[in-house]
Each structure stands twice: as C-alpha cells, then as structure tokens.
Amino acid sequence: MKILVCGDSYSVTDPDFPGLHWSEKILNFSPEFELCNLAYGGCSNAMITLQLLQGLNLNPDFIILSFTNEHRYEIDKDVAVLPTDLTVQGLAHYQKTRYTTNMYVKDAEIEKWIGGKCSDNFEKLKNYFYISFCLQTLHQRNIPFTFSLGGFEYKQDYPALINSNYMYNFIKDYTESELKTNLWYHGHKDKPWFHVDNDEVQTLFANECIFRINTVKEKPTC
C-alpha cells in the first residue's frame with residue numbers, strides 16, 4: 001500500500017532521532033506499507049496543497065495530511081529549478097530547491113507586512129480555503145485519507161472564524177476522517193525537527209493513522 005504524507009515540520013523525520021517519528025513507525029509496522037513523504041518544514045498550507053496535487057501523480061492508496069498555521073509564506077529560492085521527474089525524491093527536491101519559506105528567511109519587510117499590513121482574519125480564511133480544497137478533492141476522487149488540522153486549529157476556534165464570515169464549514173463534513181491527536185499541542189522544540197520527542201505521543205499518532213489505513217485495507221471490494 002502506497003501512503004502519501006503531506007505536511008510541515010511535524011511530518012518530517014530527523015536522522016538524529018531514528019525511529020521516533022510517527023511516519024517511521026507507520027513504515028515499520030508492515031512490509032506492505034510504502035511511504036511517500038513530501039512534507040517540508042516551515043511550509044504553508046498552500047505548499048501542502050501543492051504537495052498533495054503533485055503527490056497524486058504517484059497514485060497513492062492512502063493520504064495523510066497534516067496542516068499548519070496561517071502565517072507561512074513561500075519565497076523564491078531558485079527560479080531556474082524545474083521538476084526533474086515524478087518520483088518522491090524528484091518532487092521533494094523540486095520543492096526544497098525552488099522555494100524557501102519565511103520560517104527560514106528572516107526578512108524585516110515581510111515580518112512588518114505580516115505583523116501589521118495584512119488582514120489576520122483573511123489570512124486565516126485563505127488557509128481554510130486551502131484545507132477545504134484538499135479534503136474536497138480527495139473526497140471527490142474517492143481516495144482514502146486522514147488529516148490533522150495541526151497549526152490551523154492550534155489555540156484558535158476556527159469554526160467561530162468561519163461562522164463569523166457567514167460561510168459553511170466544509171471541514172466538519174470530514175470529521176470522521178480527522179485524527180484525534182494534534183501534535184501542535186505536544187511540543188515545539190527545535191530538535192528533533194519534528195518538535196515532539198515524546199515517544200508515547202508519536203506512537204499514539206502513528207497508531208491512529210495505522211488504524212485508519214487498516215480500515216481501508218479491510219473494506220470489501222466489488
């Protein structure tokens with residue numbers, strides 16, 4: 001079974017902490033699992049959407065989405081870079097060489113714009129649009145998935161945000177696919193790169209994903 005992972009730093013591995021990350025636990029659970037991890041630390045929900053759309057070319061059987069907060073932006077790194085091939089390595093290399101993010105490039109102009117110029121309300125709404133698009137796309141294509149709202153849900157009442165803008169909350173249509181564990185509430189350390197060094201929490205997140213993957217595997221086919 002080919003499993004696609006899309007997300008920010010909470011979904012990347014760290015070679016200094018082998019076997020600790022939830023994605024490694026999923027990979028080690030079964031020899032039938034093939035993991036295609038396109039996660040990029042510091043990226044935005046727009047980039048996670050790009051990961052998904054590019055990752056669909058890999059024909060995954062199951063997708064894990066881990067979303068981030070609203071104040072993330074991509075910055076051009078090397079505009080001459082082009083995708084070389086439609087493999088996990090090729091797509092990941094393209095993302096990381098074509099773009100960097102405001103999490104790595106501390107630009108005073110950008111920080112000033114984020115902090116005082118742009119509408120915080122509308123930035124949150126834009127991220128709601130990205131997330132809704134991802135979930136609706138997978139539903140329409142009948143591709144099994146699970147997701148964590150991650151930074152989008154962290155310490156904010158996002159349903160109230162959507163309601164206050166007089167919109168329908170499409171995310172609630174996919175509540176059954178949402179993971180109960182949100183890693184953003186369990187750590188923000190610089191190391192490991194995935195921020196949460198608690199093995200119990202990583203195992204819990206992995207087991208939730210594995211349960212949903214196995215539920216798909218056990219469904220009868222016509």
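P192 sits in the loop between α6 (158-164) and α7 (199-218). Helices here are DSSP runs of H or I with at least four residues, strands are E runs of at least two, and both are numbered from the N terminus. The peptide bond leading from K191 into P192 is cis, and its omega is near 0 degrees.

A quick word on what you're looking at: this is a predicted model, where local features need pLDDT of at least 70, side-chain atom pairs count only at pLDDT 80 or more, and totals for chains, interfaces and linings use all residues. Residues are numbered from 1 along each chain as its sequence is written, and side-chain values use heavy atoms, with hydrogens and water left out.

The loop between α6 and α7 also holds H195. H195 has a positive phi although it is not a glycine, and so does N59, which belongs to the loop between α2 and β3. Are these two buried or exposed? Buried means under 20% relative accessible area, exposed means over 50%, and partly exposed is in between (1.4 Å probe, protein chains only). Here is how they come out:

| Residue | Phi | Relative accessible area | Class |
|---|---|---|---|
| N59 | about 55 degrees | 58% | exposed |
| H195 | about 75 degrees | 16% | buried |

Now for the strands. β3 (residues 62-66) and β6 run parallel and are joined by four bridges; two strands pair if DSSP finds at least two bridges between them. Across this pairing, L65 stands opposite F147 of β6. In a regular strand, side chains alternate between the two faces of the sheet. Look along β6 (residues 145-148): F145 and F147 point one way, T146 and S148 point the other way, and all are buried.

Finally, how do α2 and α3 pack? Helix α2 (residues 45-55) meets helix α3 (residues 88-98) at an angle of about 155 degrees, with the axes 11 Å apart. Axes are lines fitted to C-alpha atoms, for helices over the stretch in contact, and angles run from 0 to 180 degrees between N-to-C directions. The two helices are therefore roughly antiparallel (over 145 degrees; under 35 is roughly parallel, 65 to 115 roughly perpendicular, and the rest oblique). From α2, the contact (heavy atoms within 4.5 Å) involves M47, Q51, Q54 and G55, and from α3 it involves L91, Y94 and Q95. Sorted by class, that contact has three nonpolar residues, four polar ones and no charged ones. Nonpolar covers Ala, Val, Leu, Ile, Met, Phe, Trp, Tyr, Cys and Pro, charged covers Asp, Glu, Lys and Arg, and the others, Gly among them, are polar.
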